[in-house]
Amino acid sequence: MADGPEPPFLMVVEDVFRRASHGGRGVRVTGRVERGRVRVGDEVEVVGFGAGAATVPVLAVEVGGLRAAGAGAGTNAGVVLPGSVAGVLERGQVLAEPGTVGACRGFVGDLAVLAADQGGVELRDGVRLAVHVRAAAVTGTLALLKGTEVLRPLHQGAVAVALEHPVPVERGQRFAVRHAGRAVGSGSVTGLPG
């Protein structure tokens with residue numbers, strides 16, 4: 001039985017090196033290829049943190065510190081992009097096949113609060129938290145849904161999260177929240193705006 005079409009490329013930006021090799025003209029982005037495949041010459045889009053619709057060509061791909069023709073899902077890779085995008089690249093963004101992933105300033109999700117002895121605390125409407133999605137960490141404000149007044153340790157509930165900056169988020173994506181420097185819960189995205 002033949003496999004279906006390969007999913008569109010997506011790579012999480014974990015580190016940015018502004019003085020890339022590639023003749024000094026590029027910037028090297030490293031991270032894990034989450035899905036699909038990237039090849040030298042492909043056009044990719046930088047998504048998240050207000051990057052806009054920056055679509056650029058892939059100048060080089062590196063796997064294990066060596067130049068490669070491409071990299072597939074599950075691979076830790078380096079992707080060299082034109083130096084013109086160096087100012088907009090940062091940890092937490094993604095490189096993706098153009099038009100396949102968007103950045104949102106919020107989402108709806110199911111959040112499970114950790115036990116109190118593991119760091120869980122009561123979460124109320126309007127609390128500000130550090131929200132972690134993939135490699136992105138951004139401040140968010142929590143809104144409790146479905147008539148819930150408080151989420152206590154070991155409880156789960158529907159929440160809406162408003163983010164300070166747009167981040168690449170997809171339905172089904174896992175997220176974690178921290179409060180006062182401690183992990184307090186995690187969940188999955190169930191809905192996106194409009």
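Mentor: We begin with a definition: helices (H or I, at least four residues) and strands (E, at least two) are DSSP runs, numbered from the N terminus. By that rule, A180 is found in the loop between β18 (174-179) and β19 (182-191). As for the source, this is a predicted model, in which local features need pLDDT of at least 70 and side-chain atom pairs count only at pLDDT 80 or more, while totals for chains, interfaces and linings use all residues. Residues are numbered from 1 along each chain as its sequence is written, and side-chain values use heavy atoms, with hydrogens and water left out.

Trainee: How many helices and strands does the protein chain have?

Mentor: The protein chain has 0 helices and 19 strands. Its C-alpha atoms fill a box of roughly 55 × 45 × 35 Å along the principal axes.

Trainee: How is pairing between strands read, and which strands form the closed barrel?

Mentor: Strands of a sheet pair through backbone hydrogen bonds, either parallel or antiparallel. Two strands are taken to pair if DSSP finds at least two bridges between them. Here, a closed barrel of 6 strands runs β12-β17-β15-β14-β18-β19, with antiparallel pairing. From one strand to the next, the twist averages 40°; for such angles, axes are lines fitted to C-alpha atoms (for helices over the stretch in contact), and the values run from 0 to 180 degrees between N-to-C directions.

Trainee: Which residues stand opposite each other in these pairs?

Mentor: Strand β12 (residues 103-113) pairs with β19 in the antiparallel sense over 6 bridges, and L111 stands opposite G187 in β19. Likewise, β18 and β19 run antiparallel and are joined by 6 bridges, with R174 opposite S188 in β19. Strand β15 (residues 136-144) and strand β17 (residues 156-168) are antiparallel partners over 5 bridges; T141 has A162 in β17 as its bridge partner.

Trainee: Which strands pair with β7?

Mentor: Strand β7 (residues 60-63) is joined by 4 bridges to strand β10 (residues 76-82), and the two run antiparallel. The bridge partner of A60 in β10 is V80. A further 3 bridges join β7 to strand β8 (residues 66-68), again antiparallel, where V63 stands opposite L66.

Trainee: What do the backbone angles show in the turns of the hairpins?

Mentor: Most residues other than glycine have a negative phi, and most peptide bonds are trans. The hairpin of β7 and β8 has 2 residues between the strands, and G64 in the turn has a positive phi of about 60°. The hairpin of β18 and β19 also has 2 residues between its strands. In that turn, A180 has a positive phi of about 55° although it is not a glycine. L154, not a glycine either, has a positive phi of about 70°; L154 is found in the loop between β16 (150-151) and β17.

Trainee: Are L154 and A180 buried or exposed?

Mentor: Buried means under 20% relative accessible area, exposed over 50%, and partly exposed in between (1.4 Å probe, protein chains only). L154 counts as exposed because its relative accessibility is 65%, and A180 counts as exposed because its value is 72%. For the protein chain, buried residues make up 45% of the 194 residues.

Trainee: Where is T30, and which residues does T30 contact?

Mentor: A contact means heavy atoms within 4.5 Å. T30 lies in strand β3 (residues 26-35) and counts as buried because its relative accessibility is 16%. Leaving aside neighbours within four places in sequence, T30 is in contact with M11, V12, V13, E14, D15, F17, A77 and G78.

Trainee: Which residues does H132 touch?

Mentor: H132 is in strand β14 (residues 128-133). At 27% relative accessibility, H132 counts as partly exposed. Not counting residues up to four places away in sequence, H132 touches A137, R174, F175, A176 and R178. The C-alpha atoms of H132 and V44 are separated by 23 Å, the two residues being 88 apart along the chain.

Trainee: What share of the contacts joins residues at least 24 apart?

Mentor: Among contacts in the protein chain between residues at least 6 apart in sequence, that share is 65%.
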